[in-house]
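Hi,

Here is the structure I promised to pass on. Have a look at it first, and then read on for what turned up.

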Amino acid sequence: MISENIESVKFQDSNMELINLELSTLKNILISDSNLRGANLKSVSFLDVSILNSDMEGALLTNSKFQNSSLVEVNLKGANLENADLSGVDLTNSNLEETNLINTNLSGAKFCNTKMPSGLKNNDC
């Protein structure tokens, strides 16, 4: 297990498949057009993080907390977000199909053209 504090970095077109950042803090980060399939992001604190047009299929995000963050055009199919805090997160055009959202805080999250776990598309823009 790696616990890192990563701040003020841009990752573009990066391959981070299966990366293990459990218990890390990511602050002021931009991740775009990147592969995070199967990443271990358990109990990660995302502070001012934007993840755009990236693939996080099957990622482990249990107990993670997102503050002032966005997940726009992100594939989260099959990801585990159990007990995560996504309150206020922008999930525009993201895919939550088959995602585990048990006890996930989604209060104030923005769902615009978001594919929901049931497979239905939420057009609440």
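This is a predicted model: local features need pLDDT of at least 70, side-chain atom pairs count only at pLDDT 80 or more; totals for chains, interfaces and linings use all residues.

Two strands are taken as paired if DSSP finds at least two bridges between them. With that in mind, leucine 26 stands opposite phenylalanine 46 in strand 3.

**Strands**

Strand 2 has partners in both strand 1 and strand 3. Strand 1 (residues 5-12) pairs with strand 2 in the parallel sense, over seven bridges. Strand 2 and strand 3 also run parallel, and seven bridges join them.

**Phenylalanine 46 and the core**

Phenylalanine 46 is worth a click. Leaving aside neighbours within four places in sequence, this residue is in contact with Leu26, Leu41, Ile51, Leu61, Ser64, Lys65, Phe66, Gln67 and Ser69. So which of these contacts is an aromatic pair? The structure holds one such pair. Phenylalanine 46 and phenylalanine 66 are stacked, 4.2 Å centre to centre and with 0° between the planes. The pair links distant parts of the chain, with phenylalanine 46 in strand 3 (residues 45-52) and phenylalanine 66 in strand 4 (residues 65-67), 20 residues apart.

**Salt bridges**

Side chains of opposite charge can pair when their charged atoms come close. How many salt bridges does a search of the whole structure find? The count is four, and here are three of them.

- Glutamate 57 forms a salt bridge with arginine 37, with the closest N and O atoms 3.2 Å apart. Glutamate 57 lies in the loop between strand 3 and strand 4 and arginine 37 in the loop between strand 2 and strand 3, so the pair ties together parts 20 residues apart in sequence. Glutamate 57 counts as partly exposed, at 26% relative accessibility, and arginine 37 is partly exposed too, with a relative accessible area of 31%.
- The side chains of glutamate 98 and lysine 77 meet in a salt bridge of 4.0 Å, N to O. Both residues are in the loop between strand 5 and strand 6, 21 residues apart. Glutamate 98 is exposed, with a relative accessible area of 55%, whereas lysine 77 is partly exposed at 26%.
- Lysine 115 forms a salt bridge with glutamate 97, and here the closest N and O atoms are 3.5 Å apart. Lysine 115 is in strand 6 and glutamate 97 in the loop between strand 5 and strand 6, 18 residues apart. Is glutamate 97 buried or exposed? Glutamate 97 has 18% relative accessibility, and buried means under 20%, so this residue counts as buried. Lysine 115 is partly exposed, with a relative accessible area of 32%.

There is also a network: salt bridges that share partners join Arg37, Asp55 and Glu57.

**Two more residues to look at**

Threonine 114 lies in strand 6. Its relative accessible area is 0%, so threonine 114 is buried. Not counting residues up to four places away in sequence, threonine 114 touches Leu91, Thr92, Asn93, Ser94, Leu96, Leu120, Lys121 and Asn122.

Serine 107 sits in the loop between strand 5 (70-72) and strand 6 (114-115). At 46% relative accessibility, serine 107 counts as partly exposed. The side chain of serine 107 makes a polar contact of 2.8 Å with the side chain of asparagine 105. Beyond residues up to four places away in sequence, serine 107 touches Ser87 and Gly88. The C-alpha atoms of serine 107 and aspartate 85 are separated by 8.8 Å, and these two residues are 22 residues apart along the chain.

Cheers

Notes: Residues are numbered from 1 along each chain as its sequence is written. Side-chain values use heavy atoms; hydrogens and water are left out. Rings of Phe, Tyr and Trp (its six-membered ring) pair if their centres lie within 6.5 Å; planes under 30 degrees apart count as stacked, over 60 as edge-to-face and the rest as tilted. Helices (H or I, at least four residues) and strands (E, at least two) are DSSP runs, numbered from the N terminus. Buried means under 20% relative accessible area, exposed over 50%, partly exposed in between (1.4 Å probe, protein chains only). Contact means heavy atoms within 4.5 Å. A polar contact is a pair of N or O atoms within 3.5 Å; within protein, one must be able to donate a hydrogen and the other to accept it, and residues adjacent in sequence count only if both atoms are side-chain atoms.
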